[in-house]
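Hi there,

Here is the structure I promised to pass on. My notes follow below it.

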Amino acid sequence: MIGAGGFIGSRLVTALEDAGHPVARFTREHPAVVDGRPAEGLRDAESVFFLATGLSPALAERRPELVSAEHSLFRRLMDAFAGEGRRPVLVFASSGGTVYAPDARPPYPESAPTGATTAYGRAKLLLERELLGRADAVQPVVVRLSNVYGPGQRIARGYGVLPHWLEAVVSGAPVRIFGDSSVVRDYVHVDDVVGGFLAVQRHVANGLRDRLPSVVNIGSGVPTSLEELLDIVTVTVGRQITVSREEGRSCDRKGNWLDASLAWRALGWRAEIDLKDGVRQCWDATLTAHGDSGP
């Protein structure tokens, strides 16, 4: 697991171990490549999950050197696997919310044209192409995630609207809405996302890796506008919310959502957690973090 300490990665590690799969963990402090070779614990892996990223949409816009550094890290990893000759399944977490061409009509299937309009989307596409072009070194599986949310999600600038909103509510600050509140997103719970990765691992463990798609969407398939999300949050928190409506940002995309039907056909996976239930989990976690029992 590369990126074992992250929001998704830490949960996936726990889920894999609970399912009986041994997991080697790699982070910035414990790199996956040492002296040009996969680190111990990675060399014999049948499957590798790459969830390591230090980028957010806002950071990708402001810090192009971070995009270059991430690409260099990924290339070193591909080169290291090529030298081993084992060709493990490498599962890369990409961004279904940013890589598809904005002039295509949603919901986006995997066959929809790509055409990222943000630095973050272009960075993800660059890594996708790097991976898909290295089938000599690994068996590539690109997992295009929609807008992942869930309890414990860290607040990062320009990333994750729900934790920003809930933190604002519990702190008595205004909820900020950037741009058009009618644009839609595809919100998928982190536990459902982990379930999608587990479905890939089951195929590997059961000798069905030849049935894995090279690109697959993982999303709820349900379009939800910011205004609808605000209504859900308002009902969930049970208190008056002050809203600050502000200009849109360059890193924001117009509405999009994913067609996740291939995930069901190929992996037997579909999202199960309703957004209202997920928002309630996030609110309870926010209250707990602040030592508050709610209204």
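Let me start with Phe 197, which, leaving out residues up to four places away in sequence, touches Ile 8, Leu 12, Phe 49, Leu 51, Val 91, Ala 93, Val 143 and Leu 145 (contact means heavy atoms within 4.5 Å). Please keep in mind that this is a predicted model, where local features need pLDDT of at least 70, side-chain atom pairs count only at pLDDT 80 or more, and totals for chains, interfaces and linings use all residues. Residues are numbered from 1 along each chain as its sequence is written, and side-chain values use heavy atoms, without hydrogens and water.

Phe 197 also belongs to the largest nonpolar core, of 36 residues, where Met 1, Ile 8, Leu 12, Leu 145 and Phe 197 touch the most other members. Such a core is a set of buried Ala, Val, Leu, Ile, Met, Phe, Trp, Tyr and Cys residues joined through side-chain atoms within 4.5 Å; buried means under 20% relative accessible area, exposed over 50%, and partly exposed in between (1.4 Å probe, protein chains only). H6 gives this core its largest share, eight residues. A second, separate core has 23 residues, including Trp 165 and Tyr 187.

Helix H6 (residues 190-205) also holds Gln 201; helices (H or I, at least four residues) and strands (E, at least two) are DSSP runs, numbered from the N terminus. Gln 201 is buried, at 9% relative accessible area. Beyond neighbours within four places in sequence, Gln 201 contacts Leu 16, His 21, Ser 47 and Phe 49.

Enjoy looking around!
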